[in-house]
Each structure stands twice: as C-alpha cells, then as structure tokens.
Amino acid sequence: MSLTIFLLLITIGVSFGALSNERLFMRLLMNPYQTVHRKEYWRLVTSGFVHNGYGHLGINMFTFFFFGRIVEQTFMFQSGNGAALFIFFYLSAIVISDLPVVWRNRDNPGYNSLGASGAVSAIVFASILYYPTNNILLFAIIPIPGFLLGILYLVYSYSQSKNADDNINHEAHLYGAIYGLLFALAVSPGAGAEFVRQIANFRF
C-alpha cells in the first residue's frame, strides 16, 4: 500500500470517528489556548486528522489522493529514505502550517481550527514546484497549468482567511504552501532552477 493511501485511510477513519463523537472531536481539534497554556501539544498533529464535515474531508482527501502519490513517488526516486521523508513531510506540514495561527490566538480560548488543509497545501505546492506546467483539473473539469492554479489557490486562501468563520484554518493553506515549496527545494535543490526553466519555456 502506498503511504498516501495509508495516510488517507487514517485521516478518513479519525475524521469519521470524531464527527460521530463530539467529545473526541473537541479533544483532537486545534485550540491554541489549550495547546499553549495546558500543554496539549498533540493537537498540533491531531487537528490535521479531523474535519469540519464530510464535504471538507472529501475535498482534502480527493486532492491529497492525486497529489500525494506524485510527491511520494518523487521522494522515493530522489532519496533512499523516501518513505520516511514523505511521512515526515506530511506530519511536519500539519504542525508548521498551524504554528502562526496558534501563536496569534494563544490567549483566545474560543478559537478553534481543524483540517488537513495545511499538509495538503504543502503537498500540492511541492508537486507544483517539481511539475509546474502539468495541467491540473480545476473542479475536475477545467485544465489549468499547476503554477497558475497555485496563484489562484493562494489568492482564494488569503481571501477566505479574512472572511470565513467555519473553524477551517484557511491561513494554513498559505503557510502550508510556503513550507511545501521550501521542503521540496531542500529535498531537490536543483528543482528551483528547473521550475524557472519550465515556466520560461511555457506556452499556452
């Protein structure tokens, strides 16, 4: 079984369990106040495995299914420790993408957030760095080059982070995207120059 499928199944299982058990749901989501002041540090990871509903879960896992396998295979090809690298990348992306929001809301007991969006965003942007001109199907219909979709995605995430009130950590999209690019560059430093070359030679 691929690691992408393994993480996907775990996320679905935990999310389904939390959606049917309010106590578990509240125990796993990200509450910065509880995390910082009561040292419930597990929330930095578990918040990435619970979702605000089946639609939120479905979108994240649909995206992760397609892009996760691409990044997983790339890591396997580039590193002898590709499996460990991919797991570390995904879990650390959950944590890193949450940290700015956690710090800013550490004294706000009423703030909650949840979802794998930060990690999935990191996966998507790692894929875009490696394969920027590959078409991605927006809404599973409209083909858009990866680097253009990435720009649209960031604009949307920034807008949602300012207006949404749904417990979904939209800011994590932004931080996850940045982390994904940096991590992918660390794994393959030459990918930056190759990215620029592909963009420079791209023709619609």
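In this predicted model, helices α5 and α7 meet through His56, Asn60, Thr63, Phe64, Phe67, Gly68, Ile70, Val71, Thr74, Phe75 and Gln78 of α5 and Ser117, Val120, Ile123, Val124, Ala126, Ser127 and Tyr130 of α7. Contact here means heavy atoms within 4.5 Å, and helices (H or I, at least four residues) are DSSP runs numbered from the N terminus. Sorted by class, this contact has 10 nonpolar, eight polar and no charged residues. For this sorting, Ala, Val, Leu, Ile, Met, Phe, Trp, Tyr, Cys and Pro count as nonpolar, Asp, Glu, Lys and Arg as charged, and the others, Gly among them, as polar. Residues are numbered from 1 along each chain as its sequence is written. Because the model is predicted, local features need pLDDT of at least 70 and side-chain atom pairs count only at pLDDT 80 or more, while totals for chains, interfaces and linings use all residues; side-chain values use heavy atoms, with hydrogens and water left out.

How do these two helices lie against each other? The axes of α5 (residues 54-78) and α7 come within 8 Å and cross at roughly 45 degrees. Such axes are lines fitted to C-alpha atoms, for helices over the stretch in contact, and the angles run from 0 to 180 degrees between N-to-C directions. The pair α5 and α7 is therefore oblique; angles under 35 degrees count as roughly parallel, over 145 as roughly antiparallel, 65 to 115 as roughly perpendicular and the rest as oblique. The crossing of α5 and α7 is left-handed, a term for a near helix turned anticlockwise from the far one by less than a right angle, with clockwise giving a right-handed crossing.

Helix α7 (residues 117-130) also meets α9, their axes coming within 7 Å and crossing at roughly 45 degrees. These two helices are therefore oblique as well, and α7 passes α9 in a right-handed crossing. On the α7 side the contact includes Ser117, Gly118, Ala122 and Phe125, and on the α9 side Ala172, Gly176, Tyr179 and Leu185 are among the residues involved. By class, this contact holds 12 nonpolar, six polar and no charged residues.

Alanine 172, found in α9, is buried with a relative accessible area of 3%. Buried means under 20% relative accessible area, exposed over 50%, and partly exposed in between (1.4 Å probe, protein chains only). Not counting residues up to four places away in sequence, alanine 172 touches Ser97 and Gly118. The C-alpha atoms of alanine 172 and isoleucine 94 are 8.3 Å apart, although 78 residues separate the two along the chain. Beyond its neighbours within four places in sequence, tyrosine 179 is in contact with Phe88, Phe89, Ser92, Ala93, Ile96 and Ala122.

Attention now turns to charged side chains. Side chains of opposite charge can pair when their charged atoms come close. How many salt bridges does the structure hold? There are three, a salt bridge being a side-chain nitrogen of Lys or Arg within 4 Å of a carboxyl oxygen of Asp or Glu. Arginine 27 pairs with glutamate 40, their closest N and O atoms lying 3.6 Å apart. This pair links distant parts of the chain, with arginine 27 in helix α2 (residues 22-28) and glutamate 40 in the loop between α3 and α4 (43-46), 13 residues apart. Arginine 27 is partly exposed at 43% relative accessible area, whereas glutamate 40 is buried at 9%. Glutamate 40 also forms a salt bridge with arginine 43 (2.7 Å, N to O), and both of these residues are buried.

Glutamate 194 and arginine 197 form another salt bridge, with the closest N and O atoms 2.6 Å apart. Being three residues apart in helix α10 (residues 191-200), these two are separated by about one helical turn. Glutamate 194 is partly exposed at 31% relative accessibility, and arginine 197 is partly exposed at 43%. Salt bridges that share partners join Arg27, Glu40 and Arg43 into one network.
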